[in-house]
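Below is a colleague's note on one model. Please read it with the sequence and coordinates open.

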Amino acid sequence: MTAIEQIAAIEADARATLAAAGGEGALAAWQSGVFGKGGSLTAILRGLGALAPEERKAVGAAANLAKQALEAALAERRETLKAASLAASAADALDVTLPGRPLRRGRLHPVTQVRREILDIFARLGFATVEGPEVELDEYNFGRLRIPEHHPARDRWDTFWLDEEVDGRQPLLLRTHTSPMQIRHIDTHEPPIRVAVPGRCYRYEATDATHEWMLEQVELLAIDEGLSLANLKGTLQEFARQMFGPERRVLMRNSYFPFVEPGVELAVDCFACPGDNPACPVCRGAGWLEIMGAGMVHPEIIAAAGYDPARYTGFAAGMGVERITMLKFGITDIRDLHANDLRFLSQF
Ligand code: DAH
């Protein structure tokens, strides 16, 4: 092997080892192995003096070229390794300049939206919002509303009873309607009275598309001198107009509730069918959906609260918020409202 060939071999070998060197330590070892005291290229340069002048010139030039090329290769390898290690540490670093992930914005439950709308309408008509307890005394939920024990009207409002009693005799229950707040309110306030009472109610009931064992109601109570059925009718018609718009028709018909006389029922025409489809899941062919019961407060209730029923009269109404929500949004199954499924709820 000539000296020139030897230089070429050293350079090729050095390039191969350099390509495999993976860190600063390996680079330093490679450097001394090539350029150091006992380095492969150093040995060639040292041997130049022993060569004939002609040969020395050629070999010297070749060795210098190899030296420069390898030095450049070392610098390049060092840069490559540095860039790779930067990239690796950037990969698991936290990039504080990235925009944050947006928080998903919630919204009000459809029943909450409608409850607020109902209360807003009545507030504009002069009714203050008040609330009462969900755990109620038998006396307020039934007795003082003229539904004594064993009265058949109790079947209509079967409910959940608590084991506890008050004073060892007064049973406690989950209220079946917001009507007991009529009594609580007239017991503690003087006429003129105009209140709207929102709240949850409970019934021991089989569920279906229009019945749930928990429901929300809004109760209405007005007591004043000279109130008549005309005031009730005007108030509820105005409510229906603001709630459902002028195109929805409203029907008032005779009904019975022990705490009003006369009693009426307010209905809105069916939104899911033209009103004559017996298979309609919403109205079952009736064409009308009851949205509230109402009537003139029974004179005995006014008298029991200490007011003269010849002087004071009043009207009351109670409506189901879920039912009105279903009408507003075209929901056909009441059970969807409390199933807590965001795919359903986020539509409203
Ligand atoms: N409390 C009744 C119910 O839950 C609804 C009702 C009917 C309320 C007539 C009233 C009323 O205030 O006058 O079925």
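This is a predicted model: local features need pLDDT of at least 70, side-chain atom pairs count only at pLDDT 80 or more; totals for chains, interfaces and linings use all residues.

1. Helix α1 against α4. Two packed helices are described by the angle between their axes and the distance between the axes. For α1 (residues 3–20) and α4 (residues 53–91), the axes come within 10 Å and cross at roughly 5°. Since angles under 35 degrees count as roughly parallel, α1 is therefore roughly parallel to α4. On the α1 side the contact is made by Ala3, Ile4, Ile7, Glu11, Ala14, Arg15, Leu18 and Ala19. On the α4 side it is made by Ala58, Val59, Ala62, Ala63, Ala66, Ala69, Leu70, Ala73, Leu74 and Arg77. By class, the residues of this contact are 15 nonpolar, no polar and 3 charged.

2. Helix α1 against α3. The axes of α1 and α3 (residues 40–47) also come within 10 Å, and they cross at roughly 160°. With angles over 145 degrees counted as roughly antiparallel, α1 is therefore roughly antiparallel to α3. The crossing of this pair is left-handed. Gln6, Ile7 and Ile10 of α1 make the contact with Ser40, Leu41 and Ile44 of α3. These residues divide into 4 nonpolar, 2 polar and no charged. Ile7 of α1 is also listed in the contact with α4.

3. Helix α1 against α2. Here the partner is α2 (residues 24–35): its axis and that of α1 come within 10 Å and cross at roughly 170°. The two helices are therefore roughly antiparallel to each other. From α1, the residues Ala14, Thr17 and Leu18 meet Leu27, Trp30 and Val34 of α2. The division by class is 5 nonpolar, 1 polar and no charged. Ala14 and Leu18 of α1 also take part in the contact with α4.

4. The largest pocket. What volume does the largest pocket have? The value is about 680 Å³. Its lining is made up of 34 residues, and those nearest the centre are Trp157, Arg203, Leu215, Gln217 and Glu290. Two or more residues of the lining come from each of β6 (214–225), β9 (288–297), β10 (312–320) and α10 (321–329). Of the elements, β9 gives the most, with 6 residues. The lining as a whole divides into 14 nonpolar, 10 polar and 10 charged residues.

5. Cis peptide bonds. Most residues other than glycine have a negative phi, and most peptide bonds are trans. The bond from Pro191 to Pro192 is cis, with omega near 0°, and Pro192 sits in the loop between α7 (180–188) and β5 (193–202). The bond from Glu261 to Pro262 is cis as well, with omega near -5°. Pro262 is placed within strand β8 (residues 260–269).

6. Positive phi. Which phi does Arg146 have, positive or negative? Arg146 has a positive phi of about 65°, although it is not a glycine. Arg146 belongs to the loop between α6 (138–141) and β3 (161–166).

Notes
Residues are numbered from 1 along each chain as its sequence is written. Side-chain values use heavy atoms; hydrogens and water are left out. Axes are lines fitted to C-alpha atoms, for helices over the stretch in contact, and angles run from 0 to 180 degrees between N-to-C directions. Helices (H or I, at least four residues) and strands (E, at least two) are DSSP runs, numbered from the N terminus. Angles under 35 degrees count as roughly parallel, over 145 as roughly antiparallel, 65 to 115 as roughly perpendicular and the rest as oblique. Contact means heavy atoms within 4.5 Å. Ala, Val, Leu, Ile, Met, Phe, Trp, Tyr, Cys and Pro count as nonpolar, Asp, Glu, Lys and Arg as charged, and the others, Gly among them, as polar. A crossing is left-handed if the near helix is turned anticlockwise from the far one by less than a right angle, and right-handed if clockwise. On a 1 Å grid over the protein atoms alone, a cavity is a set of points where a 1.4 Å probe fits but cannot get out, and a pocket is an open set with protein on both sides within 12 Å along at least five of seven lines; lining residues have an atom within 4 Å of a point. Grid points are joined across faces, edges and corners, and a volume is the space filled by probe spheres set on the points.
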